Amino acid sequence: MKEVEILTPVQVKSYNELTDGERELVDAARASIAGAYTPYSHFRVGAAIRLDNGVVVTGANQENVAFPSGTCAERSACFYAGARYPDAAFEMIAISANGTDGKPTPQPTAPCGACRQALLEYEMRARHHVPVILDGRDELYILPSVASLLPLAFTEF
Ligand code: THU
């Protein structure tokens, strides 16, 4: 028997430490929270994806009275990007949220498991690592790839 450890490298930055490109995407994610439709949870999430054609696609969570019919910000953004720009590769992703108090979450907001799985497929289509920025009021996490958020992923059958 042997044991292995799977580690996730995370850069922890303040907003002021972001590069121009990172800050621009975080700002887009923050702005896209305005499109959230959250009458049930009141937890409002925005996601922004920069594509290699220069376009930034955004999304926000859309809830539904039949709860599972709603979708998260990340999937609304990545499915729109895939449908609208099928030949463009993802370059970077940023996720931002306002908590139920209406204020930016103090800690970085991380995507749910289903969104990690969905985003991973676009990273695989891009054939390169797609960094993910998780926004928080007190600090931001920058992960080197979607894969680093989803170790031991299901990728083929
Ligand atoms: N949600 C997202 O949009 N993205 C996340 O990363 C976590 C959760 C949404 C789903 C639902 O509308 C609300 O937040 C509460 O779970």
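1. Arg23 and Asp20 form a salt bridge, with their closest N and O atoms 3.4 Å apart. The term means a side-chain nitrogen of Lys or Arg within 4 Å of a carboxyl oxygen of Asp or Glu. Both Arg23 and Asp20 belong to helix α1 (residues 20–32). They sit three residues apart, about one turn of the helix. Arg23 is partly exposed at 23% relative accessibility, while Asp20 is exposed at 61%. Here buried stands for under 20% relative accessible area, exposed for over 50%, and partly exposed for what lies in between (1.4 Å probe, protein chains only).

2. **Basis of the note.** This is a predicted model, in which local features need pLDDT of at least 70 and side-chain atom pairs count only at pLDDT 80 or more, whereas totals for chains, interfaces and linings use all residues. Residues are numbered from 1 along each chain as its sequence is written, and side-chain values use heavy atoms, with hydrogens and water left out.

3. **Overall layout.** The protein has three helices and six strands. From the N terminus on, the order is β-α-β-β-α-β-α-β-β. The radius of gyration is 15 Å, close to the 15 Å that the globule rule gives for 157 residues, so the protein is as compact as a globular protein of that length. That radius is taken over C-alpha atoms, and the rule is 2.2 Å times the number of residues to the power 0.38. Helices (H or I, at least four residues) and strands (E, at least two) are DSSP runs, numbered from the N terminus. Along its principal axes the C-alpha trace spans about 50 × 40 × 35 Å.

4. Of the 157 residues, 42% count as buried. The protein exposes about 8,800 Å². Carbon and sulfur atoms supply 54% of that area. Areas come from the Shrake-Rupley method with a 1.4 Å probe; for residues, only the protein chains shown count as cover. Take contacts (heavy atoms within 4.5 Å) between residues at least 6 apart in sequence: 67% of them join residues at least 24 apart.

5. **Charges.** The protein carries 13 positive and 19 negative charges, and their mean positions are 3 Å apart. Lys and Arg count as positive, Asp and Glu as negative; His and the chain ends are not counted. Each charge is placed at NZ of Lys, CZ of Arg, CG of Asp or CD of Glu.

6. **Other salt bridges.** How many salt bridges does a search of the whole structure find? The search finds five. One of them joins the side chains of Lys13 and Glu22, at 2.9 Å from N to O. Are Lys13 and Glu22 buried or exposed? Both residues are buried. Arg137 and Asp138 form a salt bridge too, with the closest N and O atoms 3.0 Å apart. Arg137 is exposed, with a relative accessible area of 51%. Asp138 is partly exposed, at 46%.

7. Pro9 lies in the segment before β1 (11–13). Its relative accessible area is 49%, so Pro9 counts as partly exposed. Which residues does Pro9 touch, not counting those up to four places away in sequence? They are Ile142, Leu143 and Pro144. Pro9 and Leu149 are 140 residues apart in sequence, yet 9.5 Å apart in space, C-alpha to C-alpha.

8. **Gln117 in helix α3.** Gln117 lies in helix α3 (residues 113–126). Gln117 is partly exposed, with a relative accessible area of 28%. Leaving aside neighbours within four places in sequence, Gln117 is in contact with Leu150 and Phe154. Ala147 is 30 residues from Gln117 along the chain, and their C-alpha atoms are separated by 8.9 Å.

9. **Positive phi values to check.** Most residues other than glycine have a negative phi. His42 is not a glycine, but has a positive phi of about 60°. His42 is in the loop between α1 and β2 (44–51). At 46% relative accessibility, His42 is partly exposed. Leu152, also not a glycine, has a positive phi of about 60°. Leu152 is found in the segment after β6 (140–143). Leu152 is exposed, with a relative accessible area of 77%.
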